[in-house]
Amino acid sequence: MSGYLEGVLVLLAINVVYAYAAFLPIAAGQLNLGVAGFAAVGGYASAYLSTTLALSPLIAIPLGGVAAGLVGLGVAVPVLRTRGIYLALATFALGEIVRASILNLEVVGGAAGYPVTAFIRLPTIAMFALGVTVLVWLLFATRFGIAITAVHDDERVADLMGLDVRAFQVAAFTLGSVIAGIGGGLYAHHFSYIEAQYFSISLSISIVLYVLFGGTQSVIGPLLGAAVFTLLPELLRGSAQWRYVLFAAILIVVMVIRPQGLITGAQIRRLLGLRSSASQKERAA
Amino acid sequence: MSATDPILTLDNVSKHFGGLAVVENLSFAVRRGACTGLIGPNGAGKTTVFNLITGVYPIDTGRIVLDGVDIAKIPSRRRIHHGVARNFQNIRLMPHLSTLENVLVGQHCRNGGLFGVLQPVSLVPGNRWREEARAALEEAGLAAYERATVGSLPYGLQKRIELVRALMAKPRLLLLDEPAAGLNPAETDALRERITAICRDRGITLLVVEHDMHFVGALCADVIVLNFGRKIAEGTPEHVREDALVREAYLGADAMEPRYAS
Amino acid sequence: MLGSIYAMIGVALTLSIGVLKFLNFSIPGVFMIGGMSTWLFIRHGMPWPLAGLCALAVGASASLVVERFTWRWMRNAQEFVPLVSSMAFLILFENLAVAYWGSDLQSLPQLFGNADWRIGGLVISIPQLLGLALSIVLIWGLSLLLSRTRIGRGLRTIAEDSDTAILLGVDISRIVPIVFVIGGLFAALAGVLFALNYRQVHPFMGEALGLKGISAMVVGGMGNIWGAIAGGLIIGMAEALSIRYLGADFVDISVYGLLLFILMVRPTGLFGGASAGARA
Ligand SMILES: Nc1ncnc2c1ncn2[C@@H]1O[C@H](COP(=O)(O)OP(=O)(O)OP(=O)(O)O)[C@@H](O)[C@H]1O
Ligand SMILES: [Mg+2]
């Protein structure tokens with residue numbers, strides 16, 4: 001495999017992981033603008049573990065995810081008391097605090113960045129991305145996935161149906177943080193070097209944009225969004241800035257034409273059950 | 001237990017929104033196994049009574065006793081575990097879920113532990129809960145819409161799905177808020193027969209809010225009449241119909257007269 | 001002291017939240033446009049007052065473009081959609097700037113000679129003082145506009161409930177762009193003042209500085225114009241204090257820590273929110 005192709009696929013795999021990290025809370029109705037912060041926690045924690053304790057990245061990266069999850073759980077309880085715009089802003093603040101704190105954390109290099117000795121290649125990264133994808137897909141085939149959507153659609157009624165709304169929100173947020181942490185760990189161990197500036201609000205925003213672009217109502221959405229935005233700019237080449245310009249412009253236009261994202265839950269059900277939905281339409285008409 | 005012991009008792013319940021008293025010193029009892037109607041002009045507070053029973057709003061004063069338990073002290077989420085389920089006057093299904101998934105949500109109170117939550121209900125074809133939900137849809141004549149996203153279904157179907165969802169909780173007490181609103185006479189009759197059969201077969205007690213007096217008269221043995229948040233009459237449908245205060249409330253409110261089949 | 005800069009960005013944000021319930025993430029981008037355009041026009045030989053005015057026009061136009069593609073279409077879409085689109089605009093503006101002028105720090109010439117004013121040990125920069133005075137006057141003008149004029153009444157009706165506003169005959173599609181123009185002008189003016197005072201601009205100044213306007217807005221109470229001024233000054237002060245006592249590296253931690261703290265303990269802000277009907 002050429003180095004170029006490997007590079008693109010690595011980016012794709014990492015972006016897919018990030019997209020699912022943002023997707024879980026969004027599916028429960030919470031906009032997390034601090035995904036980059038959790039990715040930073042996971043990235044730095046796993047890099048520290050593999051560098052100083054000589055742990056294998058295969059162990060260090062999941063542990064980094066756990067660390068990010070613990071931070072997520074710790075802040076979810078107070079932060080999720082806020083909602084709507086307030087929650088989005090609180091997570092934004094959180095991400096910036098994490099980034100700024102790392103700049104001051106000398107054990108991991110502070111502003112100079114942190115070199116990572118262990119190195120992982122595409123197969124490992126792809127395996128992690130696949131694992132995360134399968135996990136989220138399985139999760140959405142359980143009552144958990146239904147409950148998350150129910151909480152998103154109507155908190156009040158979900159509560160009256162006996163769903164513990166807060167617990168589901170905290171679970172979705174925490175699980176999203178774990179996945180973000182894994183994404184950060186993958187990044188750190190592939191690029192052999194991390195710096196706080198990478199985990200900025202731009203990263204959080206881009207990740208959220210993948211998900212909204214792909215569609216928030218189904219587990220395919222984040223995959224699609226991450227894929228389109230990793231592969232499309234590669235096809236068009238051009239410099240990095242023009243790719244971002246294109247990325248933003250496409251997104252703005254798509255949101256105007258199709259605010260629900262590229263793919264919706266209803267479409268997937270239609271694809272999966274072509275026949276039954278065809279007969280439905282006749283009856284409903 | 002005798003048929004006259006109440007399953008639900010409201011005892012001096014009051015609720016104010018700001019300065020507005022919406023329910024005032026309301027007391028009534030619902031007989032176990034019977035169908036009780038809760039009627040009154042628009043804005044009388046009927047939906048609010050349902051909201052107080054299910055815990056959408058906390059009550060200001062009083063007690064709400066379900067089978068000896070004061071459920072007013074229980075958080076709203078736990079009340080369905082005590083056997084109260086309801087529908088909503090303005091349908092409130094989860095618009096992004098399919099019909100089947102909405103019905104699965106109705107089972108949550110019976111299968112909501114960690115193990116239940118992680119069961120792959122929509123993956124394994126023969127899953128017990130999934131089959132139960134499908135059977136319920138089948139019985140309600142809704143099998144064809146199983147996969148449809150409810151947001152896209154017509155109003156009448158959504159109302160029927162909401163009823164199936166409420167029944168999935170296996171309630172002892174079912175609260176129905178205007179189940180016949182928006183239905184034509186034939187549909188109303190079909191609905192009445194279905195409700196009667198369900199409550200009889202499963203031993204469910206029914207408390208129903210409805211403006212259609214013909215429907216209430218045919219379905220309910222007891223009727224409670226509210227006006228401005230107070231109880232102004234109760235008794236059999238015939239008795240209530242003759243009551244002077246009731247007639248005055250409906251005529252005075254001029255918003256609506258009790259609709260007899262015309 | 002960046003307080004008045006934050007205050008003006010905060011006003012732009014708070015106006016959008018208060019009237020349209022729209023968290024407009026493109027505002028920091030418009031701030032950057034204001035700053036970068038000032039630099040560009042001065043580099044092309046314009047005198048600074050003219051350059052500033054032109055930069056304001058560019059900022060207001062950019063804000064109108066944002067209106068065309070966000071609020072206008074998505075008023076009734078899912079709740080996050082306009083917010084996310086405005087974020088896309090932030091990315092768009094930043095990277096367009098990088099594509100044309102590179103990501104380096106650009107310097108402006110010294111314009112005012114040495115204009116510091118010394119009282120005892122205190123050094124006050126006169127341009128900064130003028131900036132603060134200007135922003136207070138403008139915000140006072142804005143509050144008059146909101147309370148006295150027909151446009152202001154229309155905006156307040158929209159803030160209460162946009163559907164009712166339509167019923168009452170308020171022409172939403174004519175009045176809403178005004179919110180964006182005013183917001184764009186305030187944000188761009190903050191950029192112009194920043195460029196003139198600090199003489200350094202770069203494509204990511206919106207992200208680095210403009211986003212702190214969000215803290216100013218929240219601290220002052222979302223939707224509250226005067227609160228945004230107070231919030232801006234508080235944030236500026238918090239920065240100055242943390243530089244003095246903790247070191248420059250702790251600035252962002254203090255500013256965003258304050259934001260998080262306020263959101264948790266008193267989400268309506270220190271001065272109560274909702275003067276223009278803001279509710280999330
Ligand atoms: N959350 C609330 N806040 C303030 N007032 C409320 C609230 N909910 C209900 N009300 C008021 O309480 C009164 C009773 O409302 P409710 O919905 O219970 O009437 P209803 O008997 O169900 O009427 P309808 O037949 O029209 O459904 C009304 O005046 C209504 O405006
Ligand atoms: Mg009602």
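How much space lies in the largest pocket? We'll get to that in the second view, after a quick word on the model.

This is a predicted model, so local features need pLDDT of at least 70, side-chain atom pairs count only at pLDDT 80 or more, and totals for chains, interfaces and linings use all residues. Residues are numbered from 1 along each chain as its sequence is written, chains are lettered from A and ligands numbered from 1 in the order in which they are written, and side-chain values use heavy atoms, leaving out hydrogens and water.

**View 1. Ligand 1 and the residues around it.** Ligand 1 has 13 residues around it, and B:Gly43, B:Lys46, B:Thr47, B:Thr48 and B:Gln89 come nearest (a residue is near if one of its heavy atoms lies within 4 Å). Helix 1 of chain B, residues 46-54, gives the largest share of this shell, three residues (helices are DSSP runs of H or I with at least four residues, strands are runs of E with at least two, and both are numbered from the N terminus). Sorted by class, the shell has four nonpolar, seven polar and two charged residues. Here Ala, Val, Leu, Ile, Met, Phe, Trp, Tyr, Cys and Pro count as nonpolar, Asp, Glu, Lys and Arg as charged, and the others, Gly among them, as polar.

**View 2. The largest pocket.** Here's the answer to the opening question: about 1,300 Å³ of space lies in the largest pocket. Its lining has 46 residues, and A:Gln197, A:Tyr198, A:Ser200, A:Ser202 and A:Tyr244 lie nearest the centre. The lining divides into 26 nonpolar, nine polar and eleven charged residues. Pockets and cavities are found on a 1 Å grid over the protein atoms alone: in a cavity a 1.4 Å probe fits but cannot get out, while a pocket is an open set of points with protein on both sides within 12 Å along at least five of seven lines, and lining residues have an atom within 4 Å of a point. Grid points are joined across faces, edges and corners, and a volume is the space filled by probe spheres set on the points.

**View 3. The largest cavity.** The structure holds four cavities of 30 Å³ or more, and the largest has about 90 Å³ of space. Residues from three chains show up in its lining, including A:Phe23, A:His152, B:His96 and C:Gln78. Helix 1 (3-27) and helix 6 (143-153) of chain A each supply at least two lining residues, with helix 1 of chain A giving the largest share, three residues. What about charge? The lining has four nonpolar, six polar and no charged residues.

**View 4. The second largest cavity.** This cavity has a volume of about 70 Å³. Among the residues lining the second largest cavity are A:Leu160, A:Met161, B:Thr54, B:Arg79 and B:Phe88. Helix 2 (76-79) and strand 6 (84-86) of chain B give two or more residues each, and strand 6 of chain B gives the most, three residues. By class, the lining has six nonpolar, two polar and two charged residues.

**View 5. B:Thr99 in its helix.** B:Thr99 is found in helix 3 (residues 99-106) of chain B. B:Thr99 counts as buried because its relative accessibility is 0% (buried means under 20% relative accessible area, exposed over 50%, and partly exposed in between, with a 1.4 Å probe and protein chains only). From C-alpha to C-alpha, B:Thr99 and B:Val13 are 36 Å apart in space, and they are 86 residues apart in sequence.
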